[in-house]
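Good morning, colleagues. Please look at the sequence and the model on the screen while I speak.

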Amino acid sequence: MTWARPILAAVCVGLVILEVARPSDHGVPGVTVILAGAGSVALVGVAKTLGKWLQRPGADDD
Amino acid sequence: MTESLHPGLVLLAAALLAGVTPSPWHRAWLVIGPGSALVLIQRLGNTTETTIAAGVIPLGIRADALAYPFATIFAVIACLAGIYAWRASRRCQVAGLVAAAAATGIVYAADWLAFYAWWELLAIASAVIIHDGIRPAAGRAAYRYLLVHLVGGASLLIGLAQLVAGRSDRSVGAVELGVPGVLILVGICINAAVPPLHAWLTDAYPRSSAAGAVFLSAFATKSAVYALARVFPGLELLVWCGTIMALYGVIFAVLENNVRRLLAYHIVSQVGYMVAGVGLGTPLALAGAVAHAFCHILYKGLLFMAAGAVVDAAGTSRLDELGGLRRVLPGTLWLYMIGALSISGAPLLNGFVSKSLIVSAAADAQRPLVAACLTIAAVGTFLSVGLKLPVYAFGGARLTGSVAPIPASRYVAMSMTALLCVVLGVRPDWLYLIVRGAETYEPYTWGHVLEALQLLSVTALAFVLFRAKLRPTQSTTLDFDRMYRAIGRLVLRAGDRVASSADKLEAWALAAADIRLGAQPRTVPTVAYSVGAALVALALGIALFARS
């Protein structure tokens, strides 16, 4: 999926440019991108950290 | 005041007829029952009050603007789930109709006693649905489910008994937080799966049958959301409970390897949005909570339908064992993606409309932290339901062995549900005809659509970057249910010791009286203690209710 990285990055940048070019009355431009980026990093980080404590190897049968 | 048939009783009659009609004709009741109930619900509308007496239980109907959308969607999903369950066991079909009847009864209940009766019927019907699932784990999960809900029901009953003590008015309505209010809140929060009282949900739903999970996902938590909106609108505590639920569910979903447990964690998360909306209490937030419950029942039903079809076809529910299904189940992939994009809040789908209603209501109420947390929860939703699950279940080429065909009835049910998700996403004004209070809200503004697209594209980029960390592995995630089971084992062990001590005392007493004991030692089944304790709590509640 290496090919998808530059495409998705370009789409994200393009959407921020669109927001700056045509601002709406719905918040500060770029906030959603920052929130989504920081949020996804934080979620994966928290989940993996919790996983170290809470996950056990083997399938959960009951 | 008008006279009308109770839609819940119509569904109960359909369940009874589905149980006694010879096969395969009994299946007709799966459509006729909910269809008739839906017609009655539309006739009742949202401004009707009727009274129907049925023995000691007063069956007054209050069909107001809050009850109408819940009753409508319960009848719709009962019909769709009935089609999906066309080839399921008769026990699952009958219990599904009873659960639909009970959920409809809850939303129309005008009297606390009727409310409680329907509430307990829903718990029993849901336990039967779970018991019908994958053996032997389903039997044990159903037992645990029943225990948790008996405790919740006892808390609710004791709270209601204290609430109505000495009052002539027993009509269902808003309650202040006092001792009765807290007991009622705990009882409802158990059904709403508010952490740490949520463990029953992620324990039981993955162990039910494919059709059973569709019925379960629709009724239990959503009737609790209705109850919260009816009894505790604007309660500040619920704002934070809901926000924590939204984040808690997605964090555990990211860790999950079991397809249906992953979706079960997302019920916790999505119900969190509704609970937060109820807690915010503004007209827009309440309308958002109801609209989200309405839309959630559709897209979550679709997701459980597709996941159940995949699990039954592939013979495993573990993501690390799935893969490559896009080639053999392309139709299921497309239908699943409609549900996944809808839950992620993608434009042109119903989840976009209802989710943005709640987030906007939080922003309008000057609660930026709540709005930010709910937005981050939406990121986690797309990450796990919209990307991780389809990439690892349908992508790649790992699955070995044959894939069983999916019955046509399941495709019909999934297609109809997906169509409703799209229609309500494209025409939110049709949703507003059912859910009152959001008519002034316009979801398709430049700002809203751009925000949603930014959120989805950044999350997709994050998934591509962190894909190695999100790879499913064969593992068991410990949640609160492990703690409850450990406590339960301790209680049972303590009960065993008390019983054995009592036996010894009895033996000593008999020996002292010089009476010979029988050859067989007496043993008390450990299950009896927990059921007995729950029944004692229930009896206490009933006694208090009777006294009042």
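I shall begin with chain B and then turn to its interface with chain A.

This is a predicted model, in which local features need pLDDT of at least 70 and side-chain atom pairs count only at pLDDT 80 or more, while totals for chains, interfaces and linings use all residues. Residues are numbered from 1 along each chain as its sequence is written, chains are lettered from A and ligands numbered from 1 in the order in which they are written.

Chain B holds 22 helices and five strands; these are DSSP runs numbered from the N terminus, helices being H or I of at least four residues and strands E of at least two. The C-alpha trace of chain B spans about 90 × 60 × 55 Å along its principal axes. Of its 548 residues, 57% are buried, meaning that 20 or more other C-beta atoms, placed from the backbone, lie within 10 Å of the residue's own.

Now to the interface. In all, 38 residues of chain A are in contact with 40 residues of chain B, contact being C-beta atoms, placed from the backbone, within 7 Å. On the chain A side, α1 (4-21), α2 (31-54) and β1 (55-57) each supply at least two residues. The largest share, 16 residues, comes from α2(A).

Methods. A residue is buried if 20 or more other C-beta atoms lie within 10 Å of its own, exposed if 12 or fewer, and partly exposed in between; C-beta atoms are placed from the backbone. Two residues are in contact if their C-beta atoms, placed from the backbone, lie within 7 Å.
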